[in-house]
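Here are my notes on the model, point by point. Please keep the structure open while you read.

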Amino acid sequence: MNRPTPWSLGYRMPAEWAPQECVWLAWPTNLETWGRDRIAGVRQTYVEFIAALSNRQRVALLVDDEDVRASAVETLGRRGVESRLRYYLIETVDSWIRDYGPTFVLNERTRQTAMVRWTFNAWGDKYADLKADARVPAEMNRHLDLPVFDAGIVLEGGSIDVNGRGTVLTTEQCLLNPNRNPELERSEIEDVLREFLGATNAIWLSEGIAGDDTDGHIDDIARFVDPTTVLVAFEDDPADENHGILKDCYARLVAAPDEEGRKLGVLKLPMPDPVVGPEGRLPASYANFYIGNGVVVVPTFGQPEKDRNALAVIQSCFPFHQVVGVDSTAMLHGFGTLHCCSQQQPVTP
C-alpha cells in the first residue's frame, strides 16, 4: 500500500471493553425491516438498551429529522432517559450502524482517534435500498472532525471482532464471499485487516448461524471477552442445523493461536431454542451482546431457562461488569439484535 495506513501511523482498533466515549445508535424507523406490527416492540428494545447503557456512558442517537427526534424523545421520556442522550440529525435508511458505520481506531502515542471507513454494499448487494446508509460515516464526521482512512474494501463491522492486541476474528463465509471483494485473496484481506485495524493475526472461522442474512457475521458466533479468551456460541443438540457449524467453529478456536502464538481460552455459550419468523428461522444468538462501560447488555428471547443460563455464562466472563438482559425478540425479525445496531467510540488516550 502506497498511502499511509492506520497501522503504519500507530493506530489500532481497541477491544470493545476499552473505555468508551460513547455508543452510536440509529433510532429505528424502517417499517419494511421491522414490520408495522413490531416497530413499537423494537423501539422498546432500544429504550431498555439505552437505559442499561446511559448511566455509564454517553449515547449518541441518530434521528432522521426533527419529527423523529420528537417521537424518540417522547418514547425515551417515558423511561426517564431522554435527557442522557445527544441527538444527531442524520438520516438513515435502517438501524444497523455496526455494519454501515465507521470503525474507530486509536493512536496511543499521539493521543488521537481516527475513523476507518469501509465500503458498504448492503451485505453483498442483497438490499439495494439500504446502500444509501454508506454515507452515514461522512455525516457523522461532520460533527466529529476526525482523520479518516478509506480502507477501499467491502466490510461490515459485524464481521470482525478484536482483542485489541493484534488478533481479529472473522469468517470465511463473509469476508471471502464473492459478493464482497471477489478480486481479493485471503492473504490480501489479511493485509487490509493488519493495515487498518492493527490486526497482525487473523483467525478464520467457517460460516455463520442459520437465518443470518449477513453471510456469517462473527458477532453471532464468537466474541473476545478478554485479550486471551473467546466465548463461542455452541449448540448441543445434534439434530439442530447449527450443531455442526458451531462445533467446527469451536474446534478452530481451540486450535488457533493468539498474536503471540499462545493457545486461547475458549468457552462455550449456549444457544437459545430456535426462533422462527414468517420467512423461516431467525439468527437468534446470545453472542450478539454489547460490552459498554461497566455493563454488558445481552439479547434475550423470552426463554427463561435458556436466557438465565446464557446470562450466567456471560457474567462469569465479566465479574466486574453488570450483565443486563434485554428482550430482543421483536428486533430479531429484522435479522439482528443489540451488537448489530450499535457502534462504540473509544475514549481518546
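1. Start with the second largest cavity. Strand β18 gives the largest share of its lining, three residues. Two strands, β4 (103–107) and β18 (343–346), each supply at least two lining residues. Strands are DSSP runs of E with at least two residues, helices are runs of H or I with at least four, and both are numbered from the N terminus. The space inside is about 50 Å³.

2. A word on the source. This is a predicted model, with local features requiring pLDDT of at least 70 and side-chain atom pairs counted only at pLDDT 80 or more, while totals for chains, interfaces and linings use all residues. Residues are numbered from 1 along each chain as its sequence is written, and side-chain values use heavy atoms, with hydrogens and water left out.

3. Now the terms for empty space. Rolling a probe the size of a water molecule over the atoms shows where empty space is left. The search uses a 1 Å grid over the protein atoms alone. A cavity is a set of points where a 1.4 Å probe fits but cannot get out. A pocket is an open set with protein on both sides within 12 Å along at least five of seven lines. Lining residues have an atom within 4 Å of a point. Points are joined across faces, edges and corners, and a volume is the space filled by probe spheres set on them.

4. How many cavities reach 30 Å³ or more? The whole structure holds four.

5. The largest pocket holds about 430 Å³. It is lined by 24 residues, and E32, T33, H333, G334 and F335 are the closest to its centre. Helix α2 (residues 31–34) gives the largest share of the lining, three residues. By class, the lining has nine nonpolar, eight polar and seven charged residues.

6. The second largest pocket has a volume of about 250 Å³. Thirteen residues line it, with R12, P14, L106, E108 and G164 nearest its centre. Nine of the lining residues are nonpolar, two are polar and two are charged.

7. On the overall fold, the chain has 12 helices and 18 strands. Its radius of gyration is 19 Å, close to the 20 Å that the globule rule gives for 349 residues, so the chain is as compact as a globular protein of that length. That radius is taken over C-alpha atoms, and the rule is 2.2 Å times the number of residues to the power 0.38. The C-alpha trace spans about 50 × 50 × 40 Å along its principal axes.

8. Of the 349 residues, 58% count as buried. Buried means under 20% relative accessible area, exposed over 50%, and partly exposed in between (1.4 Å probe, protein chains only). Among contacts with a separation of 6 or more, 77% join residues 24 or more positions apart. A contact is heavy atoms within 4.5 Å.

9. Please check two backbone angles. Most residues other than glycine have a negative phi. D145 has a positive phi of about 55°. It lies in the loop between α7 (136–144) and β6 (148–154). D215 also has a positive phi, near 65°. Its loop runs between β9 (201–205) and β10 (222–226). D215 is buried, at 12%.

10. Last, look at A284. It sits in the loop between β14 (280–281) and β15 (290–291). A284 is buried, with a relative accessible area of 6%. Leaving aside neighbours within four places in sequence, A284 contacts I209, M271, P272, V275, F301 and L332.

Technical notes. Nonpolar A, V, L, I, M, F, W, Y, C, P; charged D, E, K, R; others polar.
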